[in-house]
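Open the model in your viewer and keep the selection tool to hand.

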Amino acid sequence: MGVQFSFSSEQKGKFKQVVLVNVPPGNGQQIGFITVSDFEELSHTFIADDQVAVFLPFSYAIGGNTVIMSRENVVEIDMSVEDALRFIATVGIVGNINDEKKE
């Protein structure tokens, strides 16, 4: 059973925080979005209290991976969901929304 996902304006409210996660091998990092930070409300028994769900979107595609990882492995960054989605969708070529409005 597949799940359809799109980056509509209604979906962006479901992303709780923009984060960076380490990408093996090497020292690369990928932008992701915390989607669930409190699993008590969902009662998933396989997820520890110190873990979060992070959605890692693909560039130029509607899709991505959701990973469960320790909170210590994510770094919250000061970036809006809109700017992060724009950065991902344009593979980093287009700047953030606020910079473009200033020009």
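This is a predicted model: local features need pLDDT of at least 70, side-chain atom pairs count only at pLDDT 80 or more; totals for chains, interfaces and linings use all residues.

Which residues does Leu 20 touch, not counting residues up to four places away in sequence? The contacts are Gln 29, Gln 30, Ile 31, Asn 73, Val 74, Val 75 and Ile 77. Leu 20 itself belongs to strand E1, residues 17–23.

Next, switch to a cartoon view and colour the strands. There are 5 of them in an open sheet, ordered E4-E3-E2-E1-E5, with antiparallel pairing. Select 64–70 and 74–76 to see the edge strands, E4 and E5, each of which pairs on one side only. From one strand to the next, the twist averages 40 degrees.

Now select E2 and E3, which run antiparallel and are joined by 3 bridges. Val 36 is opposite Ala 53 of E3. Phe 33 is likewise opposite a residue of E3, namely Phe 55. On to the pairing of E3 with E4: this is also antiparallel, and it extends over 7 bridges. There, the bridge partner of Phe 55 in E4 is Thr 66.

**Strand E3**

Is E3 mostly covered or uncovered? Select residues 51–57 and show the side chains. The strand is mostly covered, as 7 of its 7 residues are buried. In a regular strand the side chains alternate between the two faces of the sheet. In E3, Gln 51, Ala 53, Phe 55 and Pro 57 point one way, while Val 52, Val 54 and Leu 56 point the other way.

**The aromatic rings**

How many aromatic pairs does a search of the whole structure find? The search finds 2. Select Phe 15 and Phe 33 for one of them: the ring centres are 4.2 Å apart and the planes are at 20 degrees, so this pair is stacked. Phe 15 sits in the segment before E1 and Phe 33 in strand E2 (residues 28–36), so the pair ties together parts 18 residues apart in sequence. Both of these residues, Phe 15 and Phe 33, are buried.

Phe 15, Phe 33 and Phe 55 together form one aromatic cluster.

Why do Phe 15 and Phe 55 count as buried? The cut-off is under 20% relative accessible area. Phe 15 counts as buried because its relative accessible area is 7%. Phe 55 counts as buried because its relative accessibility is 8%.

**The helix**

For the last stop, select helix H1, residues 81–89. Which of its residues are buried? They are Val 81, Asp 83, Ala 84, Leu 85 and Ile 88. Show the sheet again alongside H1: the helix packs on it, touching E1, E2 and E3. The direction of H1 makes about 135 degrees with that of E2. Finish just after H1, at Val 91, which takes a positive phi of about 50 degrees.

Terms used:
Residues are numbered from 1 along each chain as its sequence is written. Side-chain values use heavy atoms; hydrogens and water are left out. Helices (H or I, at least four residues) and strands (E, at least two) are DSSP runs, numbered from the N terminus. Contact means heavy atoms within 4.5 Å. Rings of Phe, Tyr and Trp (its six-membered ring) pair if their centres lie within 6.5 Å; planes under 30 degrees apart count as stacked, over 60 as edge-to-face and the rest as tilted. Buried means under 20% relative accessible area, exposed over 50%, partly exposed in between (1.4 Å probe, protein chains only). Two strands pair if DSSP finds at least two bridges between them. Axes are lines fitted to C-alpha atoms, for helices over the stretch in contact, and angles run from 0 to 180 degrees between N-to-C directions.
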